[in-house]
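Dear colleague,

Please find the structure below, handed over for your records.

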Amino acid sequence: MAIGIKARTVSMSLSPIKIKGSISTKIFGAFIAMALMIGALGAYAIYVLTVAGTIVADTYDRPLMAINFARSASQIFTAMDKEVLRRSTVPPAAQQEIERHIDQLAHSFSDDLAIAEERALSEQERGIIQQIRQLVGEWNDLRRSQSLDDIAPQLYRLAEDIIDRFDILTELTAEHGFVERRQGISAISRFKYISIGGALLAFMLAAAITLGLASRIIQPLAASARIADRIAKGELNTPIPSGGKDETGILLRSMTVMQDNIRVMMERETAQRQSAQNRLIDALESSREGMLLVDAEGRIVMVNSQVAAFFPRVAHYFTQGAEFSAAFALIHTQLKQPADSSAAEAAFSQILDRGGEAQLTDGRWIRVSRSNTHDGGFFLFLSDFTEIKAREQHYREAKLQAEAASTAKSRFLAHMSHELRTPLNAIIGFSEVLASQMFGSLGNGKYVDYATNISQGGHHLLDIISSVLDLAKSEAGKLQLNGEPLDLRVVLADCATMMQDQCTRASLRFDVASQEQPLDIVGEPAKLRQIFLNLLSNAVKFTEPGGSVSMRAGAPMDGAIRVEIADTGIGMAPEDIPIALAPFEQIDSRLARRYEGTGLGLPLAKALVELHGGEITIASEPGKGTRVAVMLPHRLHNGDAGHSLASLAAR
């Protein structure tokens, strides 16, 4: 409270700052002075550049342009004189054309002479130009008034006078240009010396302003910085001068208050640090995890009692200040040792460095995690991991049991399917013999029907057993692919031929899109045929009469061939698609229960597609049909590429 009152007292006593003595006023005044000097030098430089430009123009542009246009006018007059002479040598019809040419030259002559007069540097030159203009006027009047034979001597004398006047004009212009050049050089020299003097004066004034600011601002600030640096290093008893009336004095008086506040804050921080350390110790002791804090030199700084619970036999070695390397050697003796003790020690060393798990001699498991500190030390956290390890072991055993059960199931299905095929083949064979009455009439027509039904049921059961066997092999990873290069259009054409009658009996429209480009793949024809027959059979089975089933194959794109089978049947919800792809599963809907099936068609087709390195996707919506897309890898080979799907189906 006393410090706060003192700080407020100091701030109140320092609040009225005189504007005249403030640092901002000094800096602002110096800035204004420097700005005025720079502005004056800039204005004078602009003035010098303007005058120099005028001098250059007067020295070079005006006399040169005057001379050039005077010479141009002289040459034009010479051309006019020649045209007058030529007029006397041509027929009268051509004289009018020459007269017009002379008038044009006279117009150009007048323009050039006017420009030369405008660029003239003296009244003497302008007087010569007026004489030339007067003589040329007389020359024009004379050449128009009489024939050339009568006036030839007079025209000749006038032309000589005019040319002489042009020579005099050129000499006068050059002479006046030289005079202007000397005047310009003199003016530029005068401007140079004035600029050098002004720059030296500005430099001296800037140096004086800088020295004044240094003595009034920089030196007191440097002294304040040195005092602040000593206080920052902990020399809280450093004497602080009172300072002047500007901001530097305010800063020094504020530093006095800050010095007192820092002293009190350090005392308070020491007390708070001690309290925080006590709270940290209490938190560590109440934790269920073992915690060790090791400093950068490898000494134990802090350890809680839970570490002693993990290692009761060597707990008395875990004390503050003990070497962690010695404690590590003692910890290693409490671990369950494998046959190779050196490898175990290296493994536990890696656990301490990176974290991990270890088993104690009493069977418990501990998990070790490490967190580095900013000063080069680290925290070690030891957790009892026994229950989690037990759950992992139970999970591992359950997984092994499940895998063994799945393997046993697959093996059982494979054996049973094989054992069922032998008597089933006999049933099918004898029923076909009876149905065909191969050895004579059975005497009653119903026996033939019964034998036919037995054969059909046997074939159906054989297909189911074959599907179960293939699916079991697929799940066991024993389903093999005897691939060969082929054109997929041949397989699709066979499937279309076999399904055409079935669609006709079901009153369905069957659309097959032809593909002219070869669909080259490497696959097993029987398994490929089974894929598309299963998909087409499902499409026919779940489509109401009057609907349609379609099959189309796309051209190879991005290394894959896409075959799409679509129907307008009952469809299914998106969440039911995974159920339809699971073995022995059927979607529980009103229409689905009307149809027989084992639920093996789609799962087996999916397994066979994946066996070929492909992918199957299903898009469906209740009441709007189903669309199944089969993607198979496109692999080039030498084959027949000259037939469409329709022509292959016809064969």
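**Findings: Ser-507 and other local features**

Ser-507 is partly exposed, its relative accessible area being 47%. The model is a predicted one. Ser-507 sits in the loop that links helix 12 (488-505) to strand 7 (509-513). Its phi is near 60 degrees, a positive value in a residue that is not glycine.

A second residue with positive phi is Asp-558, at about 55 degrees, and it too is not a glycine. Asp-558 belongs to the loop between strand 9 (548-553) and strand 10 (560-567). With a relative accessibility of 79%, Asp-558 counts as exposed, because the cut-off for that class is over 50%.

Which residues make the nonpolar surface patch of about 400 Å²? They are Leu-434, Leu-442, Tyr-447 and Tyr-450. Of these, Tyr-447 lies in helix 11, which spans residues 445-476. Tyr-447 is partly exposed at 47% relative accessible area, so it passes the requirement of over 30% for a patch residue.

As to the chain overall, it contains 16 helices and twelve strands. It has 651 residues, of which 34% count as buried. Its accessible surface amounts to about 38,500 Å², and carbon and sulfur atoms account for 58% of that area. Where contacts link residues at least 6 apart in sequence, 65% of them join residues at least 24 apart.

With kind regards

Terms used: Residues are numbered from 1 along each chain as its sequence is written. This is a predicted model: local features need pLDDT of at least 70, side-chain atom pairs count only at pLDDT 80 or more; totals for chains, interfaces and linings use all residues. Side-chain values use heavy atoms; hydrogens and water are left out. Helices (H or I, at least four residues) and strands (E, at least two) are DSSP runs, numbered from the N terminus. Buried means under 20% relative accessible area, exposed over 50%, partly exposed in between (1.4 Å probe, protein chains only). Patches are made of residues with over 30% relative accessible area and no salt bridge: like charges are joined within 9 Å, nonpolar side chains (Val, Leu, Ile, Met, Phe, Trp, Tyr) within 5 Å. Accessible areas come from the Shrake-Rupley method with a 1.4 Å probe; for residues, only the protein chains shown count as cover. A salt bridge is a side-chain nitrogen of Lys or Arg within 4 Å of a carboxyl oxygen of Asp or Glu. Contact means heavy atoms within 4.5 Å.
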